[in-house]
Amino acid sequence: MTTTQASIPDGLASLRQRYQQERERRVRPDGARQYRDTEAEFGYYAADPYVEGPTGREALHDTVDVAVIGGGFGGILTGARMRQQGVERVRIVEKGGDFGGTWYWNRYPGVHCDVESHIYLPMLDETGYVPEWKYSPGDEIRRHAVRIAEKYDLYPDALFSTAVTSLTWDAESGTWIVATDRGDAFHATYVVTATGTLSDPKLPGIPGIETFQGHTFHTSRWDYAYTGGTPDGGMTGLTGKRVGIVGTGATGVQVIPLLAEDAQHVYVFQRTPSSVDVRGNRRTTAEDVGADHEGWSRERRENFLRIVSGESADRDLVADGWTSSAALLEKLLPSFRREDNGPDFEAAYEVADATKMDELRARVEQAVTDPDTAEKLKPWYRYACKRPTFSDKYYAAFNRDNVSLVDTADTHGIERITGNGVVVGGETYELDCLIFATGFSVGVSGVHSGKLPVHGRDGVQLLHAMAQEGPRTLHGFTSNGFPNLIRMGSLHNASSVNFSHILDEQAVHAAALVAAAEAEDAVLEPSRASEDAWISVLAKDAPDHEWFHAECTPGYYNREGLGRPNAPSAYPHGAVAFHDLLRQWREGSMAEVLQPRTAR
Ligand code: NDP
C-alpha cells in the first residue's frame, strides 16, 4: 500500500475522534444483555417452517460407530471424511428437517454466500460439481450439502428434526450415550460435535416487542406463507404492505433490495451502517475457474487461505473483495500471520485502514442521491470492527421513493415497539409486518455453552471443567477426561472467512483420529501434559488485539463494545501453518492422543 497520511482528508486525529464519537452513540451499558432469545411465547422461532411437522419414529437405543452432532457442513464433511476412512455406522443428528445447517435455516430473499462459491462449496473435486455463479445463492449451497450427503450415503442413519440433549460417557461399555429430545438414548463409540457458531437467532430486547400485533419473524425463519415469493423475490404477499426491517448487517444488506421491489413501503431501522463493498457477482464457467484438472478446487481454496492468512502467494486466483482487503482483516482473524511487528506497522496499518474506509464512504456518496440518507449510511469505524459486506444493489434501494432509512443511533437503537409499529425519536412508524435481521447469539449453543451438557469420565461436566481451568485441549479437538469426544469449531484451532474450508480440514483430522484409534485399538484422549504443551504453544505468540476491539463500534465481534477476552483462543501463526502442523502431526505416531483401551 503506497498511501500516506496526506491522502486522508481530515487527518487521522480527527478521524479517530469521529470513530470514538460514533462508538459512544451506540455503546450500551447492558452490552450483550440487550438481546433476548427467539424461543418462548411469541412464536418468532416458528420451530421449523420447512417441514410438515416431526414424523413419528421409534426411539433408538442401538449402537453406532460415530455420532455427529449437527448436520451443517461441519457434520456432513465429518460424515464424508469418516466414510473415506472406511467407518460404517455414522449417525448425524440434526435439529432441522434435512442437511444444510446455516443454509437450511437461512432462506431469506437474496440469500447468497459472500465467499466465492468455487472455494466455499466443499468437495467440488470429489463430487465433480462446478458452481454456476461466482457467489452462489443459498439454494445452490443447500443442494450441494445434500449432494455430498447422498454421495457418501449419510441419509440412512441420519436423524432429522432431533436435538441432542446430553452426552454421557459410559465407562462400562466404553461408549457415549447420546440422548435426544425424541427419546433416543443410543450408544456411540465416538462423538463429534459440529454444532456451529452462529445458529441461535437472537432478538433485541426492545420494550414492547411482544406486543406487536402485525406479522413478524426473524430472517432465519423467513415466512414465505405470508410474503409469497421465493429467495429470488416476487413477494406478492407484500403488495400494499408497510414493512419494517431491523438490522443492517450482512443479512439485512442482502434482503433489503428485494423487499423494496415488492412492499408498498420499507422502513429500514438502522443502528450501525455496514461497510458495503463491490460485489461483482456473475455467471462463471468451468474454464473461468480452471476446473479442468483433479484438485483445481483444493488449489483455489488453498490460494485464498494463503492470502487471507497473510502468507505469500504467487498469484491471486479468487481476486475479490476479501483478497484485496486481506491485510486489513488482521484484527478480525486472530490467526492472521504477520512478519512485521515493528512499531511502524500499526501506523501504516491505520493509514491503509482509513484509506479503505474512505473509499467505502465515497461509494455511498456516489450511489445514494439524497445527501442526508447518504450521510447516515456511511460507516465510521475501522474496517475489521464489523464484518465487511458486499452488494451492488443495496445503496440503490435507498434511491427509491418507497424506502426510508430510519437511523436509530441517537437512541441506541429502537426506543419501543407498540401494537401497530416502531417508535424512534418519539415518532411512530406504523407497520403491517416487522422483520428482524438481528443476527445470532454467540456462544449460547452447543457444548461450550452448557446448553448441551457433556458428562465425561467420572461424571465431570465439560463446562464445569472449562470454568475451573479454562479451556484445555490438544489442537482444539480432544480433551483429557472426555475420551473419544472430538470437538469442531474455532477454539484453540484456526479460522478464516472461508469457514467451510476450516471445517473440511477439521473433518479430515477427526476422521484420521478415529481411524488411528481403530487401527491401534486405542481410546482418543490426550494426557494433561499434551494439553499443557499445546496451551503453551497458543500462549507464546498470542496477538494482543483487545485494545483494537475495545475501540471498535459495538457488535458481536467485541462483545457489544466491551472488547475481546485476551485468553489465547486460536493458533497464533495462521491457518495455513496450523493445517501444516496438523498434517505433519498425523504423519507421526499420533501417540499424544492414543491411550490403551484399558485406560477407560
Ligand atoms: P448481525 O449480528 O451482523 O447484524 C444484526 C443487525 O441488527 C445489526 O445491524 C444490528 O445493529 C441490528 N440491531 C440489533 N439490535 C438492534 C436494535 N435494538 N435496534 C436497531 N438495530 C439493531 O446479523 P446478520 O444476520 O446480518 O449476520 C450475522 C452473521 O452471519 C454475519 O456476520 C456473517 O458472519 C453471517 N452471514 C454471512 C453471510 C454470507 O454471505 N456468508 C450472509 C449473511 C450473514 P448494530 O450493528 O448496531 O448492533
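**View 1. A disulfide joins Cys-385 to Cys-552, S to S 1.9 Å.** A disulfide here is a pair of cysteine sulfur atoms within 2.5 Å. The torsion about the S-S bond is about -75°, so the disulfide is left-handed. Cys-385 lies in the loop between helix H12 (371-377) and strand E12 (389-390), and Cys-552 in the loop between helix H17 (546-551) and helix H18 (575-587), so the pair ties together parts 167 residues apart in sequence. Helices (H or I, at least four residues) and strands (E, at least two) are DSSP runs, numbered from the N terminus. Both cysteines are buried, meaning under 20% relative accessible area (1.4 Å probe, protein chains only). The model is predicted: local features need pLDDT of at least 70, side-chain atom pairs count only at pLDDT 80 or more, and totals for chains, interfaces and linings use all residues. Residues are numbered from 1 along each chain as its sequence is written, and side-chain values use heavy atoms, without hydrogens and water.

**View 2. Helix H8 (250-262) bends by about 30° at Ile-256.** The bend is the angle between axes fitted to the seven residues ending there and the seven starting there. A proline, Pro-257, follows within four residues. Of the 13 residues of H8, 11 are buried, so the helix is largely enclosed by the rest of the structure. Among them are Thr-251, Gln-254 and Asp-262.

**View 3. Two further cysteines, Cys-113 and Cys-433.** Cys-113 is buried, with a relative accessible area of 4%. Cys-433 is also buried, at 0% relative accessibility.

Notes. Buried means under 20% relative accessible area, exposed over 50%, partly exposed in between (1.4 Å probe, protein chains only).
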